[in-house]
Each structure stands twice: as C-alpha cells, then as structure tokens.
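User: Hey, I've just opened this one and I'm new to it. Can you walk me through a few spots?
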Amino acid sequence: MTVLLTMSGISKRFGATQALKSVSLSVSAGRVLALIGENGAGKSTLMKVLSGAHAPDHGEMTLAGQSYRPTGPHAARMAGVSMIYQELNLAPHLSIEDNIMLGQERFRWGVLDRAAQRRIVCEALAKLGHGDLRPETPVQELSVGLQQVVEIARALVSNAKVIVFDEPTSSLARDDVQHLFDVIRRLKSEGLGIVYISHFLEEIRELCDCYSVLRDGESVGAGELAGVTDDQIVALMVGRSVDELFPHVPHQPGDVVLKLDRLSGAHLPKEVSFELRRGEILGISGLVGAGRTEMLRCLFGLDETRSGQVTIAAYSPNRSPRARMAAGLGIVSEDRKTEGLAQSRSIADNMTLSRLSPYARWGWLNLRTRRQQVDRLMKLMEVKAASQDQFVHELSGGNQQKVAIARVLHQEADVLLLDEPTRGIDVGTKSQIYRLMGQLAADGKAIVFVSSYLTELLAVCDRVGVMSRGRLKEIRPAREWTEEEVMSVAVSGEER
C-alpha cells in the first residue's frame, strides 16, 4: 500500500486547553480510514490542522512523500487535501459549474473559458456516476445528497489526493446515504485516500478498511477494522467498557397523558392520531420529509394547525407554544444550533430562561438558588464544561444536546418531544441519553422520540409508529417490527 498522508506527533494548544497531544495517523491510497472519537476528542481540531485552518504547535506532516505544511485552507486544497463538511460549503444561488470551479476558474486570453470549464465539470460528474446532472443547474435546486456530489466533484477538479468526509450522512435520507457510499467506493477505486468521520459504527463497518481512535486529544488505538469488535472500539472511545449500548431501564406505561385526534398542519402532517401514556416511549420513524418534525411542531404550537385536537391530561390548551408548555409539553428541536439553544448565552441561561418562576420574587432573581439547580442538572446530565457560565457554543455537540434536554427537564414537562436527540453525537453520549430516557419513563414521563436511526428506535422504544407522506401509517410494539418492515411501510404510498 502506498502511504499518501502522514501526521506525526501533532500537538495543538488553545490557551490552557491542550486540544491535541502528539497525535499520529496515516492514510493510504485506495483505503478508507475511520477517524473515531467522542465529541470533544480532538477530531475536528486534527482535521483543521490537516486542512490548513490551524497551524500545529508541534509535529510533522507529509503528503505524497513531500513535506506538507499548508498556510491556509486554499493552500491545502491546491496541494491535494479536500474537506467535505457536515454543513456543505456551497453558494446556493450559483450553478453547479460555478460552484465546482469557484477559485479554480479557467481563462483564455483573460476571458472566462466556459467551454473548458464545462468539459472539466462534466468529466468530474461522470466519474462520480452523475453525468446526467446539468452544469447550469442552480445548486439550490438540488437535494442535499446531490449537493454533496457537487462538493466532491470540486475536490476532484482540484486534483485531490486525500478527501476528508466529516459526518457526511447526518442530514441524508437512506437512499442518499447508499449513493454517497457508492461514490466513496469509486474514489477509493481511483486510488484516493479517504478519511471518514462518523458516530455510526455500522457505517464504519460497511465502508472503512482501518481505524484510528482519539480520546481527550490523544491517539489511543489504531489498526484494521477486521481485527477489532465494536465493544473494543467503544471502550477505546470512552476509556472504559460500555456494557450496553442500548441500556434498558424497566418502566411501565400508565394512564393516557397525550391524545392527538386527526391533527393536520397547513401542509404536514395529515390527520395524525395516537395516544401516549405516562411512562411510555413512543418512537416515530419515516423518511426525511415524511412529516415527523412538522407533526411535533404542530403538536407544540410552533407551526400552524389546520384542524384536529390535542388533549394533554384531559385538557385541551389553545394552540400557542406558551399554552402547550404550561400544559406540560416540552420540545427538543432537531436543529439545536439555530432553534434548540441560544448559542451566545451561558449554560445556566439556556437551562432556565424558559422557566424563571422558581427564582423570581418581587422582580428579582435569586441567582444562588438558580446556580444550585443548574449544578444539579449538569450533574444529572453529566455535562462536561468549565462552569455553568460557559457559553453554549463553546461546548461539544453532545454536551450541547444534554443542555437542550436539561432545559425541558427544568420546565418539569410531563411529555417530552425529542426530535433527533442523538444526531451528530458520539456513542458514549448516546448511551447516556438512552439511559436517561428510560429513567424518565420510569419516573412517569411520556416521550415521543423521532429518529432516522432505526436501530435505536427498535432498541429503546416501547412502541414505534411509521410516518409516510404526512400520515402516521401504523403503530406496533417495537418488538413486533423489523427494520425491513419499517422501511417497507415508510416508502409505501398506501393506507394501512
């Protein structure tokens, strides 16, 4: 195997924080390396060093046998290192051609050579199996999966030797994930080196050849995937053995606490009906665009409701979020960055601003009491932070999600609406959230759990319902579903 990239003894410090401690890895031609680690383990910092966004304090890098020390992201791209980020870096109003050639345009006699550019773009798209895409199409008209293809084509045009995929499937539908995997396999067959970052071990097993694990900014394990079990990888990630990835806390459903009767939104959902009991976890599956998020938003009063009735503990509140929250609903948005959290506010503010009444007296806040309560919630949720005064945007994704869930616990919500609560977080944190959900159910809370990850729905939930085209098709006990059956109902256009 030809080694394309080596990173040896890479260290990086930000003030008092040692983000990377003598990290080493190598990437070979025609191989896919899985870079694994919990949120905050140092993966992003290491890739920023590789892409030229950060300069290392110590360490050496080589690319294709030559010393490699980029002065910035553009220099890294021109040298042959390309990044495909979770949040795509495209200009949506520009065409496919203009996005692919941006920063590497072709000119003839000082004039943009459209014919040459179009030929280059078509060759790159064809190499990725998407020769049917028209270069003049605006990127904003493409699906997220096809937008990723545009990003990858841009990397090919810049003669990439190594391509890094950072959580590339987090916003993709199931079919788009398989299309992406096909593209990565094409790149691998062309002799490129691939770094693949993901929290989904089944994806890593399907796609990758070897692995490297980071923990607390250090390299703690590396090798061939065929020679290691999932339990061993998780143990390397978290520094201890994880007995259960899907821990079960015994709980028993009780009385009905939430009832939806033919709830319809302005567009989605369409006549959704179900009952939810105290101490029950109800999973909602379905393809992207099936109406799962819209159903939760209508239920909480965030989106317009066209018809239907919501009953919470025998009471039908009006359709405002304030009334629904007062009745006992709490929601955790799938978009924690822009909706779920106030990124520029502290942990304490994010946990408590939606319910300040316990600390308010005569127009003043008892900050000492609030600090005690926030400390209790941080301990309960195992939030890793310098203090409760730390800004939320400084936390890892997993710790941000814990803060978002702590907010609805602080509201003393009886019914928790959790929309993709484990998206983009590591295996260890997912296990903590699953255990917390089980404990909340044991304490009498009712949970609606929306997820695109079928494995966790079937493992964690008491019942699972499937949405398709805005309608809730079928609800069964989780043990009576298989993943294949769930997908069959999800893609079906027929009523059940």
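Predicted model: local features only at pLDDT ≥ 70, side-chain atom pairs only at ≥ 80, totals over all residues.

User: Which side chain does D389 meet in a salt bridge?
Analyst: That's R371, with an N to O distance of 3.3 Å. R371 is partly exposed too; its relative accessible area is 38%.

User: Where do R371 and D389 lie?
Analyst: R371 lies in helix α13, residues 367–381. D389 lies in the loop between α13 and α14 (397–410), so the pair ties together parts that are 18 residues apart in sequence.

User: How many salt bridges does a search of the whole structure find?
Analyst: It finds 26. One of them joins the side chains of D303 and R297, at 3.1 Å from N to O. D303 is partly exposed, its relative accessible area being 26%.

User: What about R476, which residue does it form a salt bridge with?
Analyst: With E474, where the closest N and O atoms are 2.9 Å apart.

User: And are R476 and E474 buried or exposed?
Analyst: Both R476 and E474 are buried. Elsewhere, salt bridges with shared partners link E97, D98, R114, R118, R134 and E136 into one network.

User: Okay, new topic: D166. Where is it?
Analyst: D166 sits in strand β9, which covers residues 162–166.

User: What's the nearest side chain of opposite charge to D166?
Analyst: K43, but K43 is 7.0 Å away. A salt bridge needs the side-chain nitrogen within 4 Å of a carboxyl oxygen, so D166 has no salt bridge, even though D166 is buried.

User: Then which residues does D166 touch?
Analyst: Leaving aside residues up to four places away in sequence, D166 touches I84, Y85, Q86 and I197.

User: Let's switch to helices. At what angle do α4 and α5 pack?
Analyst: At about 115°, with their axes 9 Å apart. Helix α4 is residues 114–127 and helix α5 is residues 144–157.

User: Is the crossing of α4 and α5 left-handed or right-handed?
Analyst: Right-handed.

User: Which residues make the contact?
Analyst: From α4, they are I120, A124, L125 and K127. From α5, they are V149, A153, L156 and V157.

Conventions. Residues numbered from 1 in each chain as written. Heavy atoms only, no water. Helix = DSSP H or I, 4+ residues; strand = E, 2+ residues; numbered from the N terminus. Buried < 20%, exposed > 50% of the residue type's maximum accessible area, 1.4 Å probe, protein only. Lys, Arg positive; Asp, Glu negative; His and termini not counted. Contact = heavy atoms within 4.5 Å. Axes fitted to C-alpha atoms, helices over the stretch in contact; angles between N-to-C directions. Left-handed = near helix turned anticlockwise from the far one by under 90°.
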